[in-house]
Amino acid sequence: MSREKSVNYSEIFLSIEGEGPYTGHSTVYIRFAKCNFTCRGFNNPDMVEITNDVLGFDPADYDKLEDLPVISIGCDSIYSWDKRFKHMWFKRTAAELAKDVMGYVPHGKWRHPRTNQRTILSLTGGEPTLNARFLPELLAQPEFEDLEHILIETNCSVPLKDEFIQELTDWSLAKEGRKIIWSNSPKLSVSGEPWEKAIVPAIALKQRQVANSEQYFKFVCDATDESFDEVQKAMDQYYLHGLPQEDDQVFIMPVGAIEEQQLNIAGTVATMCLDRGYVFCGRAHVHAFGNTIGT
Ligand code: SF4
């Protein structure tokens, strides 16, 4: 007897898309558990280990993510992959997860009943492509029949199997208006992840094999030439391996886990974007809702 597949997620929430070309659009997020990286270096130049003391709290003292204090060092989504937060995760089958998701879709419809405005489903994490074996079954649930846009927020470092590419293609071709959006956030050295593991052109190229798909790149930068040079180095590496150079392809966000940290360098990062030819990108959800989890 085959056991039904299940998945762990840390949260589902409705918000506006905060970054990139779909900024401001109604979006339901599934934040899947697990990541292949730790990105300890964010706001942590000395790369200290993210102990409870460094976090400033003990996750065991909390039952719900929304009660956690603001995480201002390392990965700001650490609660979605670090085992210390596991007791706050949910384990669901595809059918159960689809029902959970619909609880967040405005008016229970993927198109707004009055304005026809679309709601996007964003698969985020952690690293959502680690759940590639689970996703096709999830998307086949009847609750997703009218879903049109799926945005996959990925670090673009996990190899994608042919089977997964085909399953996404089958989904996108099954109904008019469907689209897969690859929102890539490759990690630069400020993250603390090794370059050769973080910048993998073959994966970006593979994404493009999905029918009805589009792709863009977002980088988190501090206001230094080194940081912007790295963006160029990463993109050059993608182009060298055959990625077509497109308009409005690269978005830059100022580093900072919380709004105050981002605001400190936003102006300088924006000016550098103008000079270097990238799209500056704030985090609209942080401006709208502050530093709270679940927004
Ligand atoms: S890839 Fe994203 S979720 Fe994973 S550790 Fe890095 S910032 Fe966090």
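Is Phe85 buried or exposed? In this predicted model, where local features need pLDDT of at least 70, side-chain atom pairs count only at pLDDT 80 or more, and totals for chains, interfaces and linings use all residues, Phe85 is buried, with a relative accessible area of 0%. Residues are numbered from 1 along each chain as its sequence is written, and side-chain values use heavy atoms, with hydrogens and water left out. Buried denotes under 20% relative accessible area, exposed over 50%, and partly exposed the range in between (1.4 Å probe, protein chains only).

The aromatic contacts come next. Rings of Phe, Tyr and Trp (its six-membered ring) pair if their centres lie within 6.5 Å; planes under 30 degrees apart count as stacked, over 60 as edge-to-face and the rest as tilted. The whole structure holds eight aromatic pairs. In one of them, the ring centres of Tyr9 and Phe90 are 5.1 Å apart and the planes stand at 25 degrees, so this pair is stacked. It joins distant parts of the chain, since Tyr9 belongs to strand β1 (residues 6-16) and Phe90 to strand β3 (residues 90-93), 81 residues apart. Helices (H or I, at least four residues) and strands (E, at least two) are DSSP runs, numbered from the N terminus. Tyr9 is buried at 5% relative accessible area, whereas Phe90 is partly exposed at 36%.

Phe57 and Phe85 make an edge-to-face pair, with 6.3 Å from centre to centre and 75 degrees between the planes. Both residues lie in the loop between α1 (52-55) and β3, so the contact ties together parts that are 28 residues apart in sequence. Phe57 is buried too, with a relative accessible area of 6%. Ring pairs link Phe57, Phe85 and Tyr62 into a cluster.

Charged side chains supply further contacts. Side chains of opposite charge can pair when their charged atoms come close. With a salt bridge taken as a side-chain nitrogen of Lys or Arg within 4 Å of a carboxyl oxygen of Asp or Glu, the count is 16. Lys175 has a salt bridge to Asp146, with the closest N and O atoms 3.0 Å apart. Lys175 lies in the loop between α4 and β6 and Asp146 in the loop between α3 and β5, so the pair ties together parts 29 residues apart in sequence. Lys175 also meets Glu145 in a salt bridge of 3.7 Å, N to O. Elsewhere, Glu19, Glu153 and Lys218 are linked in a network of salt bridges.
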